[in-house]
Amino acid sequence: MDSNQISMLKKIMEIEFTCIDLNLYLDTHPEDQKALQDYNYYSNQLSILKQQYEQFYGPLIVFGHSQSQYPWKWVDDPWPWEIEY
Amino acid sequence: MWVYEKKLQYPAKVCKPDVKMAKYLIAQYGGPDGELAAALRYQTQRFVMPTGKAKAVLTDIATEELAHLEIIATLVFKLLKGVPVEILKREGLGEYYTEHDRGLFYADTTGMLWTAAYIQAKGDAIADLHEDMAAEEKARTTYEHLINLTDDPCVKDTLRFLREREIVHFQRFGETLVQVREYMESKKFF
């Protein structure tokens with residue numbers, strides 16, 4: 001696994017974590033406009049990063065949410081628990 | 001429905017194999033206050049929550065707990081990777097190896113299998129949210145014990161992340177409890 005893949009994955013983890021934490025906060029504070037703006041901003045950043053990653057390394061998510069190049073790249077190793085971060 | 005993302009929530013690392021630590025960490029995989037219990041507890045309790053906010057909190061925290069389950073599994077997998085059988089036996093995993101080799105299974109650190117008796121769903125939002133707050137505090141304590149049990153800085157780093165998340169979840173459940181109480185009180189007519 002090349003170091004670019006690992007650094008892209010770590011960036012995705014970082015931005016997705018920001019989204020998860022804001023998501024849980026918004027669940028109990030749905031009228032906090034600033035938090036919602038932040039959530040929408042990072043959600044957009046996250047989809048850009050994921051698209052870039054998936055072009056090189058295959059889908060991060062299947063069941064129709066992302067497309068794959070030929071051959072079906074979902075089955076490619078390594079899987080998340082096999083990666084040395 | 002649920003979908004899987006082919007990534008961990010946090011880059012779980014171990015600096016070196018450590019059979020004893022793997023044995024202890026299994027507590028958070030298939031133990032009473034572990035991540036499987038947490039995910040299944042919240043997932044099944046959400047059906048009787050009275051407000052959209054409470055349903056969202058339980059759905060989203062249940063989902064995050066599944067990501068934590070995968071992180072714990074990754075740590076255990078990496079801690080046992082390539083360890084010879086003689087060392088597994090010497091370090092107290094002979095019984096585990098007999099049944100599961102180096103595979104992951106839902107048991108606690110003493111080998112007790114996971115059971116639905118670890119969780120509750122009373123069909124009552126107030127009772128369930130109290131249970132959830134207690135569960136998060138118990139999980140936080142377990143993570144503190146686990147952090148004390150290892151000197152591996154990589155494992156400690158990941159456990160600190162998981163410990164912090166228990167604190168955030170406790171906070172969100174506490175807010176949900178207050179909001180659900182307010183909602184129920186507003187529904188009373190005299």
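## Where the chains meet

In this predicted model, 24 residues of chain B are in contact with 20 residues of chain A. Two elements of chain B give two or more residues each to the side that touches chain A: α4 (52-80) and α8 (153-186). Helix α4(B) supplies the largest share of that side, 10 residues.

What classes of residue make up this side of chain B? It divides into 10 nonpolar, four polar and 10 charged residues.

## A helix pair across the interface

One pairing joins helix α1 (residues 3-28) of chain A to α8(B). Their axes come within 9 Å and cross at roughly 15°. Angles under 35 degrees count as roughly parallel, so α1(A) is roughly parallel to α8(B). The crossing of α1(A) and α8(B) is left-handed.

Which residues meet here? From α1(A) come D21(A), L24(A), D27(A) and T28(A). From α8(B) come V168(B), R172(B), E175(B), T176(B) and Q179(B). By class, this contact of α1(A) with α8(B) has two nonpolar, three polar and four charged residues.

## Chain B as a whole

Chain B has eight helices and zero strands. Read along the sequence, its pattern is α-α-α-α-α-α-α-α. The C-alpha atoms of chain B fill a box of roughly 70 × 30 × 30 Å, taken along the principal axes.

Chain B has 190 residues, and buried residues make up 42% of them. Consider the contacts in chain B between residues at least 6 apart in sequence. Of these, 79% join residues at least 24 apart.

## The nonpolar core

In soluble globular proteins, nonpolar side chains tend to be buried together. Here, the largest nonpolar core has 48 residues. The residues with the most contacts inside this core are A22(B), L25(B), I72(B), L75(B) and V76(B).

Which helices of chain B each supply at least two residues of this core? They are α1 (19-25), α2 (27-30), α3 (35-45), α4, α7 (125-149) and α8. The largest share of the core, 13 residues, comes from α4(B). Helix α4(B) also gives the largest share of the side of chain B that touches chain A.

I72(B) is one of the core residues with the most contacts inside it. Leaving aside residues up to four places away in sequence, I72(B) touches L25(B), Q28(B), Y29(B) and E35(B). L25(B) is also among the core residues with the most contacts.

## A mostly covered helix

Is α3(B) mostly covered or mostly uncovered? Helix α3(B) is mostly covered, with eight of its 11 residues buried. The buried residues are E35(B), L36(B), A37(B), A38(B), A39(B), R41(B), Y42(B) and Q45(B).

What do the buried residues of α3(B) pack against? They pack against α2, α4 and α7 of chain B.

## A residue in α8(B)

D157(B) lies in helix α8 of chain B. Is D157(B) buried, exposed or partly exposed? A residue is buried if 20 or more other C-beta atoms lie within 10 Å of its own, and exposed if 12 or fewer do. D157(B) has 15 other C-beta atoms within 10 Å, so D157(B) is partly exposed.

D157(B) and A107(B) are 50 residues apart along the chain. Their C-alpha atoms are separated by 24 Å.

Terms used:
Residues numbered from 1 in each chain as written. Chains lettered and ligands numbered in written order. Predicted model: local features only at pLDDT ≥ 70, side-chain atom pairs only at ≥ 80, totals over all residues. Contact = placed C-beta atoms within 7 Å. Helix = DSSP H or I, 4+ residues; strand = E, 2+ residues; numbered from the N terminus. Nonpolar A, V, L, I, M, F, W, Y, C, P; charged D, E, K, R; others polar. Core = buried A, V, L, I, M, F, W, Y, C linked by C-beta atoms within 7 Å. Axes fitted to C-alpha atoms, helices over the stretch in contact; angles between N-to-C directions. Parallel < 35°, antiparallel > 145°, perpendicular 65-115°, else oblique. Left-handed = near helix turned anticlockwise from the far one by under 90°.
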